[in-house]
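Please look at the sequence and the 3D structure before reading on. The report below takes up a few local features.

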Amino acid sequence: MFSSATYGYDVAKLIDSLTADSAAGLVLLMDTPGGSINGSRAIADAVDRYEQRTGKKSFAFVEGMSASGGMYAMAGVNRIYADQGTMVGSIGVIMGPFARYRDVTAVDGGLLGNGVTASGGIDQFYLTQGEAKDFGNAFRDMTQKERDVYTAGLSREYDAFVNWVSTSRGIAPETIRNDLGAYMFDAQTAKDKHLVDDVLGREEAFRQIARDAGVDPDQTKLVTDAEPGFLSSLMGSRKQAFGHGEALQAGEGVKASSSLCTGAPAVLAWTGDMNAMCGR
């Protein structure tokens, strides 16, 4: 509840709003364990559009971790720099987890319960229309056809991921598949394997990025959008920082949905017409 999420299409929207006069270049500040394929690719595509539209260069600086979707998002920039102690990689796709409880007799669903008692006799089923609609049901085995169908989908997305990193970073596809795999690497190893271009501290990296962009580091600053404080975010008194979602807004033809309207209240106070906030 005290963390934030990054929304790829919000980041892409911000990047798409930049013009050639907005800045000398674009820097992605990366610290992520990964994310959705569509959100990651949205950022990657927006970076490519930025370069084509402005003629300016783009860069990435890994501040802690850039795994999986993070690698997808930043692979196409001109130069990637990683701070000491960072982890980079995990070129792969995953679906799940799925569970299969065998011979279940009880499921502890109480407030403090978190276990399953398994010794036989209980089962769970769904009434469905459409083959495999209850895919992921923890109380039955996955069929071979289900495994084949979803593995084929993962394979297609993995091929796209591998080809994107291969083209963007100049790494042979077979090297990505057979050597890099979905492993995470320390910053120096990531450099050795060409996943990043250099290992630099934050200040040194930003100065180098300025030089790469063709500007004087001493006359350049990095401009970012600050996140609001916890209470400001909770009360919706100001928008979130770009890339972290926007504060809830209800307008003409918009039906808002939030915990204030649909579940236990998560705000301290609200002044105004509840119909305008929560919809009719």
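This is a predicted model: local features need pLDDT of at least 70, side-chain atom pairs count only at pLDDT 80 or more; totals for chains, interfaces and linings use all residues.

Residues are numbered from 1 along each chain as its sequence is written, and side-chain values use heavy atoms, with hydrogens and water left out.

**Strands**

Helices (H or I, at least four residues) and strands (E, at least two) are DSSP runs, numbered from the N terminus. Two strands pair if DSSP finds at least two bridges between them. The table lists two such pairs.

| Pair | Bridges | Direction | Residues opposite each other |
|---|---|---|---|
| β2 (residues 57-67) and β3 (residues 79-82) | 4 bridges | parallel | Val-62 and Ala-82 |
| β3 and β8 (residues 198-199) | 2 bridges | parallel | Tyr-81 and Asp-198 |

How does the chain get from β2 to β3? It crosses through helix α3 (residues 69-74), and this β-α-β crossover is right-handed. Right-handed here means that, with the strands pointing away from the viewer, the path from the first strand over the helix to the second runs clockwise.

**A buried serine**

Ser-40 sits in helix α2 (residues 37-54). Is Ser-40 buried or exposed? Its relative accessible area is 6%, so Ser-40 is buried (under 20% relative accessible area, with a 1.4 Å probe and protein chains only). Contact means heavy atoms within 4.5 Å. Beyond its neighbours within four places in sequence, Ser-40 is in contact with Gly-35, Gly-69, Tyr-72 and Ala-73.

**Two positive phi angles**

Most residues other than glycine have a negative phi. Ser-68 is not a glycine, yet its phi is positive, at about 50 degrees. Ser-68 lies in the loop between β2 and α3. Its relative accessible area is 16%, so Ser-68 is buried too. His-194 is not a glycine either, and its phi is positive, at about 70 degrees. His-194 lies in the loop between α6 (187-192) and β8.

**Two crossing helices**

The axes of helix α4 (residues 144-169) and helix α5 (residues 173-180) come within 8 Å and cross at roughly 115 degrees. Axes are lines fitted to C-alpha atoms, for helices over the stretch in contact, and angles run from 0 to 180 degrees between N-to-C directions. The two helices, α4 and α5, are therefore roughly perpendicular (65 to 115 degrees). On the α4 side, the contact is made by Tyr-158, Asp-159, Val-162, Val-165 and Ser-166. On the α5 side, Pro-173, Ile-176 and Arg-177 make it.

Methods: Buried means under 20% relative accessible area, exposed over 50%, partly exposed in between (1.4 Å probe, protein chains only). Angles under 35 degrees count as roughly parallel, over 145 as roughly antiparallel, 65 to 115 as roughly perpendicular and the rest as oblique.
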